[in-house]
Amino acid sequence: MDNLPSPAPRCGLSSPVTRRAVLGGVASAGAVAGLSACADPSTVAASSTPVSPAPGGEGTVAATTAELPVGSSKSVKIGKRTYLLFRPAETTVLAYRAVCTHAGCEVSVGEGEFVCHCHGSHFTRESGEVTAGPARGPLEKFPAEISGEDVLVYL
Ligand code: FES
């Protein structure tokens, strides 16, 4: 055996961890430590994509991926309620209740943001946070995911 330095550890997981398990916060501590140990600037930048809360229960088909191209937003009805969808990346979708946290008016899709036309509040598509009042609280967020051609929201 020669005295070559051992190769750098590969950034991978020792056991398979599903995306759902990671998002659900049930990944083992070792897997999480492995992920953080492998972080580099390019990975960190890529991982800044907003994350939806972990799905649970049975999802409702709110749209198809064809109806919600990457980078787009859409208002959808599920039952009697209206929700706002935003797809920041190919495999990521975010869902919010379209009820303004100021006085309960319906929030709609604006130019790169969500807007309440009653009194002019604006919310980000990436987090639902307020960017302009009078609303002070963020939009209520719901777990959502893309499954095949379907956009699922978990209510
Ligand atoms: S109800 Fe939305 S800004 Fe007032």
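1. Strands 10 and 11. In this predicted model, strand 10 and strand 11 run antiparallel and are joined by four bridges. Most residues other than glycine have a negative phi.

2. Largest core. The largest nonpolar core has 14 residues. Leu85, Val151 and Val153 have the most contacts inside it. Six strands each supply at least two residues of this core: strand 1 (60-64), strand 2 (73-78), strand 3 (81-89), strand 4 (92-97), strand 10 (144-147) and strand 11 (150-153).

3. Second core. A separate core of twelve residues is also present. Among its members are Leu84, Ala98, Val107 and Phe123.

4. Valine 153. Leaving out residues up to four places away in sequence, valine 153 touches Gly59, Thr60, Ala62, Ile78, Leu85, Ala95, Phe142, Pro143 and Ala144.

5. Valine 99. This residue sits in the loop between strand 4 and strand 5 (107-109). Is valine 99 buried, partly exposed or exposed? Valine 99 counts as partly exposed because its relative accessibility is 38%, which lies between the 20% and 50% limits. Beyond four places in sequence, valine 99 touches Gly104, Cys105, Val107 and Leu139. Leucine 139 is 40 residues apart from valine 99 along the chain, yet their C-alpha atoms are separated by 7.1 Å.

6. Cis peptide. Check the bond from glycine 133 to proline 134: it is cis, with omega near 25°. Proline 134 lies in the loop between strand 8 (130-132) and strand 9 (141-142). Most peptide bonds are trans.

Notes
Residues are numbered from 1 along each chain as its sequence is written. This is a predicted model: local features need pLDDT of at least 70, side-chain atom pairs count only at pLDDT 80 or more; totals for chains, interfaces and linings use all residues. Side-chain values use heavy atoms; hydrogens and water are left out. A nonpolar core is a set of buried Ala, Val, Leu, Ile, Met, Phe, Trp, Tyr and Cys residues joined through side-chain atoms within 4.5 Å. Buried means under 20% relative accessible area, exposed over 50%, partly exposed in between (1.4 Å probe, protein chains only). Contact means heavy atoms within 4.5 Å. Two strands pair if DSSP finds at least two bridges between them.
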